[in-house]
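Please look over the model below before reading on. My notes follow as numbered points.

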Amino acid sequence: MVTDEDLDAWVAGLEELFGQVAGRFYRVEPRRRARAYVRGLLAPLAGKNGWTLAEAAGDLTPDGMQRLLNAAAWDADGVRDDLRDYAVSHLGERDGVLIVDETGFLKKGCKSAGVQRQYSGTAGRIENCQVGVFCAYATTKGRTLIDRELYLPKSWIADRARCREAAVPEEIEFATKPVLARRMLARALNAGVPAAWATADEAYGGDSKFRSWLEDQRIGYVVAVPSNQTIPAVAGTSRADVLVAHAPDDASPIPRPTSPLPAQTDQKLRSAAGVLVPSHGRRTPQRASHVITIDLTVACEKDLTP
């Protein structure tokens with residue numbers, strides 16, 4: 001049961017947070033609207049959309065809330081950076097974990113930036129949707145999202161008129177989902193987010209450039225790969241399923257982080273870097289045929305122990 005003290009602390013925390021991002025809004029109206037928007041998202045509303053959030057804020061129509069998202073001038077990337085710093089100040093730990101993944105937003109129309117028929121993990125099938133790539137941060141103190149990138153398919157980038165209509169900046173070029181993930185991880189690491197590990201599913205782990213980039217950053221990683229993925233090893237390259245089949249019984253993983261991890265994060269990390277989850281080329285990690293933890297020097301060309 002939520003007490004009055006809990007509610008007072010929650011309101012005070014929200015006011016503190018908005019005090020940090022206030023300078024990112026150029027006028028007082030969108031700043032107040034943004035605060036009301038977030039309070040509505042956190043409120044126990046039966047459904048959360050433009051109408052319900054507007055009603056919770058005391059508005060008669062959803063016009064103001066919609067204008068905040070599609071027309072008001074404010075520094076969205078600056079707010080992102082402020083929120084990341086706020087999260088790290090409360091959750092930061094040396095053994096933190098950066099998690100990248102994507103999700104789909106089902107759409108019925110064709111005007112939203114990046115929308116087309118494509119695979120949606122939310123629906124588990126190809127649907128008309130947008131796809132966002134996200135970066136989360138997890139430690140023993142908690143977990144939260146700290147960054148986001150919208151995936152724009154090649155069909156969109158090739159149609160500049162359509163991009164302009166959807167307010168996509170002219171300088172935006174096509175980028176794969178692993179490239180978007182690398183951008184977010186780079187922003188986090190360059191900003192000093194304390195992290196010893198990164199983890200991702202097969203859509204990212206199957207990209208050798210993504211894995212090589214993580215190695216260059218000297219950060220341990222746990223990624224899923226297809227069973228036919230070629231993995232560099234000390235004795236040469238080999239398919240992931242061959243490594244799984246021939247891993248010695250006494251293969252010892254790199255020691256776990258010194259502090260315990262949240263249950264969901266611990267399940268993803270298993271026990272150390274170098275986890276291979278072959279899934280025979282299909283994006284069905286929940287039905288992976290093998291899970292094995294091997295020494296990082298077997299999975300990679302370099303010793304990445306932080």
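1. Which side chain does the side chain of Asp147 make a polar contact with? The partner is the side chain of Arg187, at 2.8 Å. A polar contact here is a pair of N or O atoms within 3.5 Å; within protein, one must be able to donate a hydrogen and the other to accept it, and residues adjacent in sequence count only if both atoms are side-chain atoms.

2. On provenance: this is a predicted model, where local features need pLDDT of at least 70, side-chain atom pairs count only at pLDDT 80 or more, and totals for chains, interfaces and linings use all residues. Residues are numbered from 1 along each chain as its sequence is written, and side-chain values use heavy atoms, with hydrogens and water left out.

3. The overall count is 13 helices and ten strands. Helices (H or I, at least four residues) and strands (E, at least two) are DSSP runs, numbered from the N terminus. Of the 306 residues, 40% are buried. Buried means under 20% relative accessible area, exposed over 50%, and partly exposed in between (1.4 Å probe, protein chains only). Contact means heavy atoms within 4.5 Å. Among contacts with a separation of 6 or more, 60% join residues 24 or more positions apart.

4. Back to Asp147. It sits in strand β4. At 6% relative accessibility, Asp147 counts as buried. Leaving out residues up to four places away in sequence, Asp147 touches Arg80, Val133, Phe134, Cys135, Met184 and Arg187. Arg80 is one of the buried residues of α5.

5. Helix α5 has 16 residues. Its first and last C-alpha atoms lie 22 Å apart, close to the 22 Å expected at 1.5 Å a residue. The expected span is 1.5 Å times one less than the number of residues. Asp75 caps the N-terminal end of α5, with a side-chain oxygen 3.4 Å from the backbone nitrogen of Asp77. The buried residues of α5 are Gly78, Val79, Arg80, Asp82, Arg84, Tyr86, Ala87 and Leu91. They pack against α1, β3, β4 and α8.

6. Helix α1 covers residues 4-21. Its 18 residues should span 26 Å at 1.5 Å a residue, and its end C-alpha atoms are 26 Å apart, which agrees. Gly13, Leu14, Leu17, Phe18 and Val21 are the buried residues of α1. They cover an arc of only 130° around the axis, which puts them on the same side of α1. The arc is that of the directions from the helix axis to the C-beta atoms. An α-helix has 3.6 residues a turn, so residues three or four places apart point the same way. The buried residues of α1 pack against α2 (28-42) and α5 (76-91). The face turned away from the buried side carries the exposed residues Asp4, Glu5, Asp8 and Gly19.

7. Now the strand pairing. Two strands pair if DSSP finds at least two bridges between them. Strand β1 (residues 97-106) runs antiparallel to β3 (residues 125-139), with ten bridges. Phe105 stands opposite Gln130 in β3. β1 also runs parallel to β5, through three bridges. There, Val97 has Trp197 as its bridge partner. β5 (residues 197-200) in turn runs parallel to β6, joined by four bridges. Ala198 stands opposite Tyr221 in β6.

8. Strand β6 (residues 220-223) is buried on both sides. Gly220 and Val222 point one way, Tyr221 and Val223 the other, and all are buried.

9. Gln118 deserves a look. It lies in strand β2 (residues 116-120). Gln118 is buried, with a relative accessible area of 8%. Its side chain reaches the backbone oxygen of Cys129 at 2.8 Å. Beyond four places in sequence, Gln118 touches residues including Arg125, Gln130, Tyr151 and Pro153.

10. The structure holds four aromatic pairs. The rings of Tyr151 and Phe174 have their centres 6.2 Å apart and their planes at 70°, so the pair is edge-to-face. Rings of Phe, Tyr and Trp (its six-membered ring) pair if their centres lie within 6.5 Å; planes under 30 degrees apart count as stacked, over 60 as edge-to-face and the rest as tilted. Tyr151 lies in β4 and Phe174 in the loop between α7 (160-165) and α8 (177-190), so the pair ties together parts that are 23 residues apart in sequence. Tyr151 counts as buried at 13% relative accessibility, and Phe174 as partly exposed at 30%.
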